[in-house]
Amino acid sequence: MTSPADRYGDFRRRAAYPALNDFLRGLDFELDDFQIEACEAVERGTGVLVCAPTGAGKTVVGEFAVFQALREGRKCFYTTPIKALSNQKYNDLVAVHGADKVGLLTGDNAINGDAPVVVMTTEVLRNMLYAQSQTLDTLSYVVMDEVHYLADRFRGAVWEEVIIHLPPSVSLISLSATVSNAEEFADWLVTVRGETKIVVSEHRPVPLWQHMLVGKRMFDLFHDQEAASKHEVHPELLRRTRDLLRQIGWDDRGRRGRSGRDLIAARVDVIERLDREGLLPAIVFIFSRAGCDAAVQQCLRSGLRLTDPDDRREIRRIVESRTAQLPHEDLNVLGYYEWLEGLERGLAAHHAGMLPVFKEVVEELFVRGLVKAVFATETLALGINMPARSVVLEKLVKFNGEAHVDLTPGEYTQLTGRAGRRGIDVEGHAVVLWSPETDPRHVAGLASTRTYPLKSSFRPSYNMAVNLVASVGPERARELLSSSFAQFQADRSVVGASRQVVRNEEGLAAMDADMECHLGDFAEYFALRVAIADRERGLARESASTRRANAAASVARLKAGDIIKVPTGRRAGLAIVIDPGVGAFGDPKPLIVTEDRWAGRIPATDFTSPVEPLGHIRVPKHFNPRSPQDRRDLVSSLRNVDIASPARRNRRTRSGAADDRQLDELRRAMRRHPCHECPEREDHARWAERRERLHKETQTLRDKVENRTGSLTRTFDRVCGLLTDRGYLSPEGQVTKAGRTLSRIWAETDLLVAECLRRGVWDGLSPSELAAAASILVYEARRDTDDRASVPRGPVGDAVEETLRLWGEVESDEAARGLQLTREPDLGFVWPVYRWARGEALPKVLSSVHGLDTEMPAGDFVRWCRQVIDLLGQLSEASGDTPLRDTARQAMDDMRRGVLAYSSMA
């Protein structure tokens with residue numbers, strides 16, 4: 001029972017916030033305190049930053065801003081980082097406010113763009129700001145959902161551009177996942193946007209329980225909440241895992257004995273266990289596309305079924321309705337029937353390689369509770385509203401595109417944050433599968449740590465530079481860059497570094513006294529020792545480099561049919577050379593078939609010394625390395641070949657150090673130095689080594705202070721200098737005609753695109769040729785290949801060669817100024833785009849991607865084609881009234897067919 005004072009306080013608050021009071025009357029649930037606090041700030045007209053865990057309901061604050069704008073007769077823009085999230089939010093707002101009041105603007109869709117409420121991707125708003133669109137005239141509110149995306153190294157700069165350039169009259173509502181430096185981000189928002197209320201909630205509305213699945217037994221990770229706060233693992237879990245490690249012969253120092261794979265829970269067993277415990281629906285995170293697809297197939301082969309007949313009928317109805325527009329002849333190559341079989345059993349994969357409509361159907365069926373288990377890559381955790389009762393992590397290591405790395409505490413929190421559906425589940429569950437490599441104490445550290453710092457990825461680009469100069473002039477542009485979050489963080493980090501430099505200098509002075517020698521200048525003596533060590537390392541590197549070069553040269557001399565021995569690497573053993581792999585780029589990378597019938601290319605680095613053929617075998621003219629039968633036949637013929645033993649290489653060779661005159665002179669000078677005879681020489685040397693390390697650390701800190709202070713404006717000046725030299729800016733700082741063209745190019749390779757337009761590289765091309773030639777400026781292969789992709793001869797090949805030549809010019813100019821903004825064009829997608837734009841069949845198109853042993857996944861193909869279409873749209877806008885504009889538009893129309901004709905808003 002509330003007191004009179006409480007009732008009076010509620011009355012005063014309702015009177016102070018009438019809009020919020022009206023908004024609350026339209027909800028069928030009560031708001032949490034943090035939601036009310038943030039909404040009150042919105043009604044007061046201040047900016048607000050809301051940081052809360054996934055699923056806590058922070059989007060309610062954005063929806064209140066929409067309500068407030070409509071109530072006032074003003075405009076609200078709701079921005080999201082990805083198109084799928086924009087589509088989802090558009091549908092949500094239409095359901096509440098009606099289609100006449102809500103619009104959508106993404107790269108794929110433009111619906112009711114003049115509506116008072118418009119949902120859009122963040123890039124669309126950035127482009128509006130630079131174009132000074134009249135649509136901004138009555139704008140009062142901007143909601144930036146998932147604002148922590150500004151840490152994204154590829155697209156994060158867009159968020160900062162928007163925040164900096166929004167008119168001061170616009171209230172900014174920023175919604176973020178929980179970050180550990182929210183106060184720092186809020187301080188920056190205050191400096192660039194004025195008064196900003198920060199609202200942080202660590203509370204999860206649905207409690208999350210942490211578990212480990214060890215074999216077929218489920219253990220709680222922590223005994224209770226107090227143990228969780230101290231990172232103390234449940235004793236029973238520790239005992240069980242230690243017993244298993246002893247069984248398979250592992251110890252604390254590393255691996256011993258067998259792998260223990262039979263002790264790890266199988267995927268089918270995991271799902272069945274979750275089903276028995278009532279923990280479905282579940283998302284199982286597997287950091288591999290192939291792993292996700294394999295998991296579904298393993299469950300299907302086991303006969304696992306999670307649906308009843310009514311579920312299956314509803315699933316089939318939804319699938320057939322959503323995929324009706326897909327060409328029937330493409331269904332096989334898209335894997336439609338296998339995908340449908342999994343769905344009807346309540347199972348699905350979800351990753352970027354899937355066709356977008358397939359992913360959207362999976363999301364819809366999962367939210368409806370018809371699909372019970374989804375095997376997904378981490379991309380599922382990025383914004384899509386798809387909560388589950390349970391989340392399972394197969395491993396705590398993922399491939400980041402360059403190396404296998406451990407999950408960070410922030411990534412762990414983001415992934416497991418999907419567990420627990422508000423209003424449905426009483427609690428959520430996060431399950432980590434045990435393996436010998438997974439230490440429960442490490443899991444406990446990830447689960448208990450709340451460190452997810454927001455770090456800016458902002459950097460000036462060519463397009464940004466010309467747009468800034470065009471809108472505010474060079475000087476004001478430099479001031480705006482200085483106000484970025486990137487510079488704000490850099491300036492703050494310099495304060496601590498400067499203090500550390502002072503402390504280090506005091507330490508250096510103390511060490512000078514400790515290393516003093518009564519026989520002479522010990523610093524001089526120590527410098528000789530350092531020079532000797534440096535020279536020895538340099539000679540060792542030269543020797544290793546010579547060995548590698550000799551090995552690569554011997555690999556280049558191999559011929560098809562040569563039998564060789566691969567000495568190291570995963571494919572060590574006898575092998576038959578199918579193709580020497582000698583090309584114009586990099587070391588040779590021969591295609592081989594090993595004695596265990598594996599076929600593929602291996603790097604020359606697998607050969608540590610020159611390789612010699614041990615025999616020769618005839619390779620059939622039409623040999624297909626992808627054919628298991630062909631490989632089996634070829635390897636079986638090895639038995640009939642007389643194979644020589646590899647030549648032994650036991651001769652010891654003199655090292656380069658033995659004959660190096662400079663090294664001899666340094667050693668003699670060291671022995672002649674007075675300090676060499678000091679009885680305390682090694683004690684002095686230890687202090688000198690410590691001093692040397694501290695000196696290097698101090699110099700690094702000094703460089704950091706110097707480089708970070710004003711670092712963005714220095715980069716901006718270098719960018720503007722290059723643009724001036726190439727004619728995009730005048731010497732007086734004005735944007736030229738070429739610069740205005742560049743200002744309409746938003747691609748990552750913006751300057752190279754503008755150069756191609758200026759030089760007429762694409763003039764006279766047909767629509768399919770233009771699409772193919774332009775693709776090299778957007779496509780990036782998932783894995784690097786040393787051999788260069790082939791391209792169609794004639795106009796396409798000429799355009800590609802000219803583009804590469806221009807890139808060489810731009811890269812040279814950038815290198816001269818210390819810039820690295822324009823990546824090398826990638827030719828791997830030329831043939832697929834060329835064939836698709838000419839109307840060829842999807843199976844033939846998918847099999848023509850360079851560097852892939854199998855067909856390109858349909859999802860990747862659609863994504864890259866959409867990026868090509870987006871670039872063609874920019875070309876049509878930037879090229880003015882020229883034939884190229886019509887060619888670009890025709891190319892876009894030619895590409896929008898089949899799987900590319902689908903739109904989720906259709």
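Student: Is Glu 146 buried or exposed?
Tutor: Keep in mind that this is a predicted model. Glu 146 sits in the loop between S6 and helix H7 (157-165). Its relative accessibility is 14%, and the cut-off for buried is under 20%. So Glu 146 counts as buried.

Student: What is the phi of Glu 146?
Tutor: Glu 146 isn't a glycine, yet its phi is positive. The value is about 55 degrees.

Student: Where is Gln 132, and is it buried or exposed?
Tutor: Look in the loop between H6 and S6 for Gln 132. Its phi is positive, near 50 degrees, and it's a residue other than glycine. Exposed takes a relative accessible area over 50%. Gln 132 has 56%, so it is exposed.

Student: Which residues does Thr 135 touch, apart from its neighbours within four places in sequence?
Tutor: Thr 135 is found in the loop between helix H6 (122-131) and strand S6 (139-144). With 16% relative accessibility, it counts as buried. Its contacts beyond those neighbours are Lys 75, Phe 77, Gly 113 and Met 128.

Student: How far apart in space are Thr 135 and Asp 114?
Tutor: Along the sequence, 21 residues separate Thr 135 from Asp 114. In space, going C-alpha to C-alpha, the distance is 7.2 Å.

Student: What covers the buried residues of H14?
Tutor: Start with who is buried: in helix H14 (residues 336-344), that's Tyr 336, Trp 339, Leu 340, Gly 342, Leu 343 and Glu 344. Their cover includes helix H12 (289-301), helix H13 (309-322), strand S12 (347-350) and helix H15 (356-367).

Student: Which residue takes a positive phi just after H14?
Tutor: Here phi is about 85 degrees. The residue is Gly 346.

Student: How do H28 and H30 run relative to each other, parallel or antiparallel?
Tutor: The axes of helix H28 (residues 767-775) and helix H30 (residues 830-837) come within 8 Å and cross at roughly 160 degrees. Angles over 145 degrees count as roughly antiparallel. The crossing is right-handed. So H28 and H30 are roughly antiparallel.

Student: How many nonpolar residues are in the contact of H28 with H30?
Tutor: From H28 you get Ser 768, Glu 769, Ala 771, Ala 772 and Ser 775, and from H30 Val 830, Val 833, Tyr 834 and Ala 837. By class, 2 are polar and 1 is charged. The nonpolar count is 6.

Student: How is H28 oriented relative to H32?
Tutor: H28 and helix H32 (residues 858-878) have axes 10 Å apart and pack at an angle of about 110 degrees. The range from 65 to 115 degrees counts as roughly perpendicular. So H28 is, relative to H32, roughly perpendicular.

Student: How many charged residues does the contact of H28 with H32 have?
Tutor: H28 brings Leu 770, Ala 771, Ala 774 and Ser 775, which meet Val 868, Leu 871, Leu 872 and Leu 875 of H32. The classes are 7 nonpolar and 1 polar. As for charged residues, there are none: no charged.

Student: At what angle do H28 and H33 cross?
Tutor: The axes of H28 and helix H33 (residues 883-895) come within 8 Å. The two helices are roughly perpendicular to each other. The crossing angle is roughly 85 degrees.

Student: How many polar residues are in the contact of H28 with H33?
Tutor: Pro 767, Leu 770 and Ala 771 of H28 meet a group in H33 that includes Leu 884, Thr 887 and Gln 890. The contact has 7 nonpolar residues and 1 charged. The polar count is 2.

Student: What percentage of the residues in the protein chain is buried?
Tutor: The protein chain has 33 helices and 22 strands, and 906 residues. The buried share is 50%.

Note on methods. Residues numbered from 1 in each chain as written. Predicted model: local features only at pLDDT ≥ 70, side-chain atom pairs only at ≥ 80, totals over all residues. Heavy atoms only, no water. Axes fitted to C-alpha atoms, helices over the stretch in contact; angles between N-to-C directions. Helix = DSSP H or I, 4+ residues; strand = E, 2+ residues; numbered from the N terminus. Parallel < 35°, antiparallel > 145°, perpendicular 65-115°, else oblique. Left-handed = near helix turned anticlockwise from the far one by under 90°. Contact = heavy atoms within 4.5 Å. Nonpolar A, V, L, I, M, F, W, Y, C, P; charged D, E, K, R; others polar. Buried < 20%, exposed > 50% of the residue type's maximum accessible area, 1.4 Å probe, protein only.
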